[in-house]
Amino acid sequence: MGGFNLFICVFSLFVGSFFFSDLASAQLRQNYYANICPNVENIVKNVVKQKFQQTFVTVPATIRLFFHDCMVQGCDASIVVASTPGNTAEKDHPDNLSLAGDGFDTVIKAKAAVDAVPSCKNKVSCADILAIATRDVIVLAGGPSYAVELGRLDGLSSTAASVNLPKPSFNLNQLNSMFASKGLSQTDMIALSAAHTVGFSHCDKFSNRIYSFSSRNPIDPTLDKQYAAQLQSMCPKNVDPRIAVNMDPNTPRKFDNVYFQNLQQGKGLFTSDQVLFTDSRSKPNVNLWAKNSQAFEKAFVEAITKMGRIGVKTGTNGNIRFDCGKFN
């Protein structure tokens with residue numbers, strides 16, 4: 001009987017969390033700022049374009065910032081908040097220390113540009129600016145354009161202790177479990193993983209796959225042999241931890257479906273990438289999207305839109321930060 005009551009309790013919490021999530025996402029809509037700051041998307045786009053012209057790193061840095069924000073306490077720009085003597089913020093959790101500064105810089109500069117317009121000052125959240133900027137960098141890298149739902153408030157807390165993100169070593173069950181806890185399906189997870197079509201990773205995130213995978217196989221047998229040798233040459237043992245390699249060895253500066261073609265060839269950099277092809281449950285999506293970029297782009301837009309609805313703050317649960325890097 002106790003077990004049944006526990007089930008009902010857990011089930012109620014599960015349903016309740018999605019109910020409140022739906023209430024929060026109900027306030028999100030396209031053109032949210034039409035009567036508040038009608039030019040906000042163009043203002044952000046111009047800043048993003050300038051930043052992109054300075055460095056391509058703006059693209060993966062901004063996408064990753066959005067993902068790391070949404071997957072921890074929801075899309076509320078809590079990832080941008082700096083630590084204080086009394087609080088270690090999300091951005092200083094070990095899993096976030098490798099977030100490139102260009103993502104933070106993009107949000108901060110876009111916020112300044114928006115607030116420079118008198119009618120827009122302190123009217124647009126940092127969370128919405130990050131969502132818009134993410135769409136803009138994807139487009140600049142050749143990916144799909146899509147309408148961004150807006151109306152998020154900025155979060156009121158940011159703690160390193162709350163950070164729980166997918167690991168590069170995750171198998172499909174672990175990936176599905178973590179994404180499902182955020183209301184995202186396996187299809188959403190596979191589509192979002194393709195953000196690894198741009199960006200880079202430090203050697204220590206995958207070194208076990210090329211040196212110490214198992215006692216029988218020092219090199220992960222699912223890795224293409226030539227690719228493994230290439231990775232070993234770029235990431236020798238005891239390499240400088242700051243050394244990084246492209247996530248996509250073929251088109252690292254293009255947001256495209258080549259990510260899935262790489263998986264078919266055993267060229268997924270992380271275990272969590274390659275498992276999408278080696279596991280029969282996710283393999284059909286990989287094969288479909290490897291040959292059909294339109295189908296992939298449609299699935300990606302659906303997935304990133306759903307991700308943008310996670311844990312949206314409304315009412316007294318949030319506000320519009322004057323400075324994205326600190327609470328009001």
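In the predicted model, His-68 has a relative accessibility of 8% and therefore counts as buried, the cut-off for this class being under 20%. The residue is located in helix α3, which spans residues 58–70. An unreviewed UniProt entry carries the annotation "active site" at His-68. When residues up to four places away in sequence are left aside, the contacts of His-68 comprise Ile-79, Glu-90, Asp-95, Asn-96, Leu-99 and Leu-165.

A search of the whole structure returned four disulfides. Such a link is a covalent bond between the sulfur atoms of two cysteines. Counted along the chain, the bonded cysteines of the protein pair in the pattern 1-4, 2-3, 5-8, 6-7. Three of these links are described below.

Cys-37 is found in the loop between α1 (2–26) and α2 (40–54), and Cys-120 in the loop between α4 (101–115) and α5 (126–140), so the pair ties together parts that are 83 residues apart in sequence. Both ends fall below the burial cut-off of 20%: Cys-37 is buried at 0% relative accessibility, and Cys-120 is buried at 2%.

A further disulfide links Cys-70 and Cys-75, with an S to S distance of 2.1 Å. The torsion about the S-S bond of Cys-70 and Cys-75 is about 120°, and the disulfide is therefore right-handed. Cys-70 and Cys-75 are both buried. The range given for helix α3, residues 58–70, places Cys-70 at the end of the helix that holds His-68.

Cys-126 and Cys-324 are likewise joined by a disulfide, for which the S to S distance is 2.1 Å. The link of Cys-126 and Cys-324 is left-handed, with -95° about the S-S bond. Since Cys-126 belongs to helix α5 and Cys-324 to the segment after β4 (318–319), the pair ties together parts that are 198 residues apart in sequence. Cys-126 has a relative accessibility of 0% and so counts as buried. Cys-324 is also buried, its relative accessible area being 2%.

Terms used
Residues are numbered from 1 along each chain as its sequence is written. This is a predicted model: local features need pLDDT of at least 70, side-chain atom pairs count only at pLDDT 80 or more; totals for chains, interfaces and linings use all residues. Side-chain values use heavy atoms; hydrogens and water are left out. UniProt positions are given in the numbering used here, feature names are shortened, and annotations may be inferred rather than shown by experiment. Helices (H or I, at least four residues) and strands (E, at least two) are DSSP runs, numbered from the N terminus. Buried means under 20% relative accessible area, exposed over 50%, partly exposed in between (1.4 Å probe, protein chains only). Contact means heavy atoms within 4.5 Å. A disulfide is a pair of cysteine sulfur atoms within 2.5 Å.
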